[in-house]
Amino acid sequence: MSSDKHALLAQLGKRIRTLRRGRRWTQTDMAVNLDMNRGHISDIETGKREVGVITLQIIARGLRTTMSTLLKGL
């Protein structure tokens with residue numbers, strides 16, 4: 001993975017983690033509420049996994065935000 005790509009994924013993951021914590025959710029809480037795997041969420045938050053459009057939409061809705069907000073400025 002290129003360093004630019006990894007940096008973008010890391011920034012997105014940090015933004016998702018910040019919003020999750022703002023809801024006072026653990027990764028397990030988020031996984032249960034969004035019907036996702038906790039490990040998948042962990043990999044997204046640490047920038048180890050690319051996020052598809054559908055998954056990003058599920059995360060945005062679950063965190064009560066928009067995909068646009070998640071991606072703004074990245």
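**Exercise 1.** Which residue's side chain does a polar contact of 2.8 Å join to that of Glu 45?

*Solution.* Some ground rules before we start. We're working with a predicted model, where local features need pLDDT of at least 70, side-chain atom pairs count only at pLDDT 80 or more, and totals for chains, interfaces and linings use all residues. Numbering runs from 1 along each chain as its sequence is written, and side-chain values use heavy atoms, with hydrogens and water left out.

Step 1: the partner is Gln 27, at 2.8 Å. A polar contact is a pair of N or O atoms within 3.5 Å, and within protein one must be able to donate a hydrogen and the other to accept it; residues adjacent in sequence count only if both atoms are side-chain atoms.

**Exercise 2.** Is Glu 45 buried or exposed?

*Solution.* Glu 45 has a relative accessible area of 2%, so call it buried (under 20%; exposed is over 50%, partly exposed in between, with a 1.4 Å probe and protein chains only). Leaving aside neighbours within four places in sequence, its contacts include Gly 13, Arg 17 and Met 30 (contact: heavy atoms within 4.5 Å).

**Exercise 3.** Now place Leu 74 and list what it touches.

*Solution.* Look in the segment after helix H5 (67-71). At 30% relative accessibility, Leu 74 is partly exposed. Skipping residues up to four places away in sequence, Leu 74 touches Leu 8, Gln 11, Leu 12 and Arg 15. As for Arg 20, it sits 54 residues from Leu 74 in sequence and 18 Å away in space, C-alpha to C-alpha.

How values were computed. Helices (H or I, at least four residues) and strands (E, at least two) are DSSP runs, numbered from the N terminus.
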